[in-house]
Amino acid sequence: MATKVLKRKSVVTDPVDPAVTPPPTPSETTFLTKPKLSSKSRKRDMPEGLWTKCPKCEGLIYDKELDDNLKVCPKCGHHFPIGARERIHSLVETCSFEEIDAQMESVDVLKFTGAASYEAKLAAYRKKSSLLKDAVVTGIGKIGDHRVALGVMDFAFLGGSMGSVVGEKLTRLIEAGTDRGIPVIIISTSGGARMYEGMFSLMQMAKTCGALAYHAKQKLPYISVLTNPTYAGVIASFATVGDLIIAEPEAMIGFAGPRVIKDTTQAELPDGFQTSEFLQKHGLIDTIVSRKEMKERLIYFLDFMGAGRKAA
Amino acid sequence: MKRPENANCVRPLPFSRLAGVSKFVAAAMKHYLEFEKPIVELQKKLEELKLHPEQHSLGISWEEEIRLLERKIEDARRIIFTNLTPWQRVQLARHPKRPYSLDYLRLAFSEFEELHGDRMYSDDRAFVGGFAKLGDQKVVVIGTQKGRETKENILRNFGSGHPEGYRKALRLMKLADKFGLPIITLIDTAGAYPGVGSEERHIGEAIAVNLREMMLLEVPIIAAVIGEGGSGGALGIGVADRVLILENAYYSVISPEGCAAILWKDRSASPKAAEALKITANHLRELKLVDDVVAEPLGGAHNDPAATAASLGSALLRHLSELQSAPTADRLRARYGKFRAFGHVREPAAVAA
């Protein structure tokens with residue numbers, strides 16, 4: 001690995017402090033967190049960005065380049081995780097997004113006691129990102145000429161898990177879509193229902209699907225976009241009842257996790273099991289769209305799905 | 001219409017061939033849970049005494065000693081069963097002698113005629129469904145079905161449905177909707193099946209579609225959790241106007257074992273997880289997540305299936321008649337409103353402009 005790193009570095013022309021590059025050894029997750037800089041090292045002569053190693057092609061990518069490329073590896077097209085706000089920014093027309101329920105927060109309704117308290121967990125996540133109060137950001141915005149109700153999940157907040165806040169925000173969003181007669185787009189990434197809220201989390205599945213039932217009754221379009229990873233309670237609810245189900249390439253998508261399936265069935269899992277491509281082959285996913293083309297394709301689909309309505 | 005004896009709609013289970021409930025109780029005695037041990041020991045003593053009257057204590061008469069023992073058993077049962085921990089209730093919900101859907105179909109319903117298949121792929125035997133009568137009411141019943149012994153458990157996949165099971169359930173529910181028959185669902189599943197085939201045929205989608213469609217069905221729907229209410233697999237037939245739960249059943253977002261493995265990194269923490277998740281009937285009633293708790297006989301449903309079935313049957317009838325008195329539009333609004341209200345959030349007051 002070390003030689004590879006050196007090779008990549010030689011291509012770079014900017015003088016780079018070798019103490020900061022290369023990135024830390026890969027962790028189990030595909031996304032490498034930036035190494036913490038001591039206050040002393042945060043000087044002007046330091047490089048602006050850091051480097052991220054692509055887990056797929058192992059190439060080193062300059063962080064700024066990765067950000068500019070919507071967190072897609074410019075070399076091999078690998079999709080890194082992207083935050084909800086960055087994603088919204090990449091989809092909607094400038095200044096058109098009006099967030100709703102931005103302040104809504106989770107409550108430890110069960111007084112969940114266990115290995116770690118839910119309250120403490122929530123506090124830690126809120127501290128980590130002041131921009132993220134929970135695992136979804138919702139609002140009304142314009143994509144091309146289309147005003148849409150847009151909900152975007154963020155895996156960085158408690159694994160994108162769905163508790164009361166995610167369910168309530170999405171339900172209000174869908175209801176807003178129904179009331180205004182506009183399409184709903186939900187971009188999912190989630191580990192499933194949030195255990196800490198027990199049955200309240202499970203009920204969000206019925207709640208969101210119920211809201212979508214009334215949205216669909218008005219013949220309004222609902223597009224579900226699945227991103228890496230989307231699992232369990234989210235896959236068994238709003239994420240799979242889209243008029244269109246779109247996935248990002250090579251996303252892991254499923255009901256049960258691969259390990260659970262392996263443990264239960266004692267069987268080998270097929271190649272590419274639970275990837276977007278596998279699910280498209282098996283008939284769940286309409287089309288796989290790269291993040292870079294997502295906006296353009298959404299506009300294309302909305303143009304078709306809204307066509308009959310406009311004429312009427 | 002008289003139903004023919006031994007109609008092939010119900011698979012001839014060893015259990016269903018049992019003539020009466022008393023035999024069932026006798027069979028149930030053979031299997032007991034750890035915390036039932038004191039009761040079982042007293043019962044053994046009683047049997048012994050009945051068989052060997054000569055061994056009775058000298059101080060009191062034989063009859064009196066039997067009465068004394070019987071009272072002791074009753075007391076032990078009361079003490080144990082009125083102080084059950086959530087984890088003990090989970091074990092009761094999974095008790096291998098607990099009545100299953102087909103048992104209730106026999107005991108609380110009549111004229112059940114099973115209908116098979118999802119018209120797409122296969123007939124998932126982890127689900128049973130069909131026409132039945134509840135009192136004088138013609139209804140459609142759908143339930144998840146566990147097996148009682150190995151062979152039947154393989155057939156029933158231990159009560160864990162595949163996508164075709166959920167699609168069969170929806171097909172039957174739409175049938176009910178078309179012909180104005182109320183729908184009763186009986187929930188007893190550890191969860192939807194986590195397998196390769198399940199994923200290849202999109203178990204998540206099958207459940208999600210049910211959640212959406214059940215919200216709009218125009219006929220009354222009552223769901224009853226009779227044993228295990230395992231997460232999405234349970235909710236997949238659980239969107240209803242009324243959700244009932246038997247006293248010792250549980251309904252949870254994740255199995256206590258699964259939760260323990262994730263949060264405690266230790267499956268032996270399952271009793272703690274069962275406590276923390278608030279999954280028992282009483283907890284769920286306190287949290288207003290279920291509408292009614294159906295009492296079980298002392299010692300659990302398996303101790304007296306007929307009495308449990310009678311309570312369940314009358315609870316179902318009571319809720320059904322309440323639901324039928326409301327106009328359809330009101331009922332649908334109430335159904336949506338009920339699920340819409342689930343959840344607790346904090347909304348800091350918006351800063352005034």
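Biologist: How many Å separate the centres of domain 1 of chain B and domain 2 of chain B, taken over C-alpha atoms?

Modeller: This is a predicted model, where local features need pLDDT of at least 70, side-chain atom pairs count only at pLDDT 80 or more, and totals for chains, interfaces and linings use all residues. Residues are numbered from 1 along each chain as its sequence is written, chains are lettered from A and ligands numbered from 1 in the order in which they are written, and side-chain values use heavy atoms, with hydrogens and water left out. Chain B is assigned domain 1 (17-83) and domain 2 (91-340), bounds that come from an automatic or database domain assignment. Over C-alpha atoms, the centres of these two domains of chain B are separated by 33 Å.

Biologist: Which area is buried between domain 1 of chain B and domain 2 of chain B?

Modeller: Buried area is the accessible area (1.4 Å probe) that two parts lose on being put together, summed over both. Carbon and sulfur atoms give 72% of it here. The total between domain 1 of chain B and domain 2 of chain B is about 1300 Å².

Biologist: How many residue pairs are in polar contact across the interface of domain 1 of chain A and domain 2 of chain A?

Modeller: The assignment for chain A gives domain 1 (51-80) and domain 2 (82-311). A polar contact is a pair of N or O atoms within 3.5 Å; within protein, one must be able to donate a hydrogen and the other to accept it, and residues adjacent in sequence count only if both atoms are side-chain atoms. With both residues at pLDDT 80 or more, the count between these domains of chain A is 8.

Biologist: Which three residues in domain 1 of chain A lose the most area to domain 2 of chain A?

Modeller: Contact (heavy atoms within 4.5 Å) joins 8 residues of domain 1 of chain A to 9 residues of domain 2 of chain A. The two domains of chain A bury about 810 Å² between them, 51% of it on carbon and sulfur atoms. Together 64% of what the domain 1 side buries comes from Leu70(A), Lys71(A) and His79(A).

Biologist: What forms a salt bridge with Lys71(A)?

Modeller: The count between domain 1 of chain A and domain 2 of chain A is 2 salt bridges. For Lys71(A), the closest N and O atoms are 3.2 Å apart. Its partner is Glu86(A).

Biologist: How much area do chain A and chain B bury between them?

Modeller: The contact takes 60 residues from chain A and 47 residues from chain B. Of the buried area, 71% is on carbon and sulfur atoms. The value is about 4800 Å².

Biologist: Which helix gives the most to the side of chain A that touches chain B?

Modeller: Across this interface the rule finds 14 residue pairs in polar contact, both at pLDDT 80 or more. Among the elements that each supply at least two residues on the chain A side are α4 (118-128), α5 (164-180) and α6 (198-217). The most, 16 residues, come from α6(A).

Biologist: Which residue of chain B meets Arg172(A) in a salt bridge?

Modeller: The interface of chain A and chain B holds 5 salt bridges. In the pair with Arg172(A), the N to O distance is 2.9 Å. The partner is Glu347(B).

Biologist: What is the bridge partner of Ser106(A) in β9(B)?

Modeller: Two strands pair if DSSP finds at least two bridges between them. β4(A) and β9 (residues 345-346) of chain B pair in the antiparallel sense over 2 bridges. For Ser106(A), the partner is Val345(B).

Biologist: How many residues apart in sequence are the parts that Glu296(B) and Arg98(B) tie together?

Modeller: The closest N and O atoms of this salt bridge are 2.6 Å apart. Glu296(B) lies in the loop between β8 (292-294) and α14 (305-324) of chain B and Arg98(B) in the loop between α4 (86-93) and α5 (101-107) of chain B, so the number of residues separating the parts tied together is 198.

Terms used
Salt bridge = Lys/Arg side-chain N within 4 Å of Asp/Glu carboxyl O. Helix = DSSP H or I, 4+ residues; strand = E, 2+ residues; numbered from the N terminus.
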